[in-house]
Every structure is written in structure tokens, then in C-alpha cells.
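User: I am new to this structure and would like to go through it slowly. Could you take me through its pocket and its side chains?

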Amino acid sequence: MREATILLGIGIAIGICISLASASVLENMLYGTTPHEPRVFAWVVVVVAASGLIAAYRPALRAVSINPTQALREE
């Protein structure tokens, strides 16, 4: 989970930087919001973070439930 969280944080940081840089270019495509709306950025970060953590949770739970000795014997 730690690795997934680190990668998720890096991806969100890069995504915010790119979206702030390209917001003025996409301004004419936005309807009902400004290009630098903090609430929109916050909601996008929450949704992306939640979906990333949910996607990483199941494999992490499966990895924790496996006995390491048994896994090494089967390999």
C-alpha cells in the first residue's frame, strides 16, 4: 500500500501541475466553472485518490493473507 500511495501522490502532483498549466488553453471548453476552480481540483484529487487506494487495497490484502513460506515452496 505504501508503494501505491507514493505513486498515487506523485501522479496527483504531476496531474495538478499539468492541469493548472493547461487550464487557460481549455478555458473555452469549460461550462459553469472557471479554469482555476479550487473546489473542482479538490474533488478530482479526492476521487482519483479514492479510486487509486481502492484499486491497490485488494491486491495488498491478498498479499498479506498469503503465508510467505508456502508461497516460496510453490515457486
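**Pocket and side chains**

Analyst: The largest pocket holds about 280 Å³ of space, where a pocket is an open set of points on a 1 Å grid over the protein atoms alone, taken with a 1.4 Å probe, with protein on both sides within 12 Å along at least five of seven lines, and lining residues have an atom within 4 Å of a point. The volume is the space filled by probe spheres set on the points, which are joined across faces, edges and corners. This is a predicted model, in which local features need pLDDT of at least 70 and side-chain atom pairs count only at pLDDT 80 or more, while totals for chains, interfaces and linings use all residues. Residues are numbered from 1 along each chain as its sequence is written, and side-chain values use heavy atoms, with hydrogens and water left out.

User: Which element gives the most to the lining of the largest pocket?

Analyst: The lining has 19 residues, with Gly15, Ser19, Val40, Phe41 and Val44 nearest the centre of the pocket. Two or more residues come from each of α1 (2-22) and α2 (38-65), helices being DSSP runs of H or I with at least four residues, numbered from the N terminus. The most, six residues, come from α1.

User: Is Glu37 buried or exposed?

Analyst: Glu37 and Arg39 join their side chains in a salt bridge at 3.4 Å, N to O, the rule being a side-chain nitrogen of Lys or Arg within 4 Å of a carboxyl oxygen of Asp or Glu. Buried means under 20% relative accessible area, exposed over 50% and partly exposed in between, with a 1.4 Å probe and protein chains only. Arg39 is exposed at 62%, whereas Glu37, at 18% relative accessibility, is buried.
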